[in-house]
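Take a first walk through this structure with the chain in view.

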Amino acid sequence: MIRKLPVLVLILLMVSLQAFADYWVSVGIPTIYRFEQAENSPFTTDEELKGTPAGYMIHGSIYEKPFIGYEKYQISLNIDNSDEIPAIIDVQFYDIGVQFEQRYTSFLVGYGYGSIKTECQVSSCSGYEFDEGIARQYFLQFAIQIYNKLSLHLSAHRVMGENGMKVNSTKSQLVLDGTLYAFGLKLAWR
């Protein structure tokens, strides 16, 4: 039995190293943010509220399931017929989720929790004060292998967030719910 112990330890070590050998990292860039109707918004007139996001998303795992991630991006509001950016919305998420993998494709399903903060940049909202708010998201990412362990992925995020807003002495909530689309690359090692 004593002679078999090193062999048993070696087998257990190889099995545990194999569990760590299945890891990946994914980097994404947000491309489109479409707001739903923003309630109590000082930035909209009769037109749809649109935004251009800039930032990054990074997800990774040393096991096949679950994965963790971090997202940080800014959304510059766009108003039709104007070059002026009325506000910038900072968004930050900490994500967790699971991966489902096939031979040449994979799916990620995740949940994110974080913060959202609005910074007004036009004189029309000079009486407004914004507090940092809470943001949540659900997302789905689809990746397709393009070369060996390198994959291209697209993701859709359902974002729900709101800021505390104060106008003179009246407090209310600025709802900034929307849909975010992103793309990126995923690299796996096995």
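In what sense do E7 and strand E8 pair, and over how many bridges? The two strands pair in the antiparallel sense, over 6 bridges. Strand E8 covers residues 170-175. E7 and E8 form a hairpin with 2 residues between the strands. In that hairpin, Asn 168 takes a positive phi near 55°.

Keep in mind that this is a predicted model.

Now step back to the whole chain. The chain holds 1 helix and 9 strands. Read from the N terminus on, the order is α-β-β-β-β-β-β-β-β-β. The chain has 190 residues, and 38% of them count as buried. Its accessible surface comes to about 11400 Å². Carbon and sulfur atoms account for 60% of that surface. Contacts reach along the sequence as well. Take those between residues at least 6 apart in sequence: 63% of them join residues at least 24 apart.

Return to E7 and look at its other partner in this account, E6. E6 and E7 pair in the antiparallel sense over 17 bridges. Among the partners, Ala 143 has His 153 in E7 as its bridge partner. These strands also form a hairpin, with 2 residues between them. Asn 148 is found in the loop between E6 and E7. Its phi is positive, near 45°, and Asn 148 is a residue other than glycine. Why point this out? Most residues other than glycine have a negative phi.

E5 and E6 pair in the antiparallel sense over 12 bridges. Here Gly 112 has Gln 137 in E6 as its bridge partner.

Next come the aromatic rings. How many aromatic pairs does a search of the whole structure find? The search finds 9. One of these pairs is Tyr 56 with Tyr 70. The two rings are tilted, with 45° between the planes and 6.2 Å centre to centre. This pair links distant parts of the chain. Tyr 56 has a relative accessible area of 38%, so Tyr 56 is partly exposed.

Tyr 111 and Tyr 138 form another aromatic pair, tilted as well. Their centres are 5.4 Å apart, and the angle between the planes is 50°. This pair also links distant parts of the chain. Tyr 111 is in strand E5, Tyr 138 is in strand E6 (residues 128-147), and they are 27 residues apart. Are these two tyrosines buried, exposed or partly exposed? Tyr 111 counts as partly exposed because its relative accessibility is 30%. Tyr 138 counts as partly exposed too, because its relative accessibility is 48%.

Rings also gather in a group. Ring pairs link Trp 24, Phe 67 and Phe 139 into a cluster.

Start with Ser 155, found in strand E7 (residues 150-167). Is Ser 155 buried or exposed? Ser 155 is buried, because its relative accessible area is 6%, and buried means under 20%. Its side chain makes a polar contact of 2.9 Å with the side chain of His 157. Leaving out residues up to four places away in sequence, Ser 155 touches Leu 140, Gln 141, Leu 180, Tyr 181 and Ala 182.

Then turn to Lys 117, which is placed in strand E5 (residues 105-120). Its relative accessible area is 31%, so Lys 117 is partly exposed. Which residues does Lys 117 touch, not counting those up to four places away in sequence? They are Ile 88, Ile 89, Asp 90, Phe 130, Glu 132 and Asn 163. Look again at Asp 90. Lys 117 and Asp 90 are 27 residues apart in sequence, yet 5.1 Å apart in space, C-alpha to C-alpha.

Notes. Residues numbered from 1 in each chain as written. Predicted model: local features only at pLDDT ≥ 70, side-chain atom pairs only at ≥ 80, totals over all residues. Heavy atoms only, no water. Helix = DSSP H or I, 4+ residues; strand = E, 2+ residues; numbered from the N terminus. Buried < 20%, exposed > 50% of the residue type's maximum accessible area, 1.4 Å probe, protein only. Polar contact = N/O pair within 3.5 Å; in protein donor to acceptor, adjacent residues only side chain to side chain. Contact = heavy atoms within 4.5 Å. Phe/Tyr/Trp six-rings, centres within 6.5 Å; stacked < 30°, edge-to-face > 60°. Areas by Shrake-Rupley, 256 points an atom, 1.4 Å probe, with all protein chains shown as cover. Pairing = 2+ DSSP bridges.
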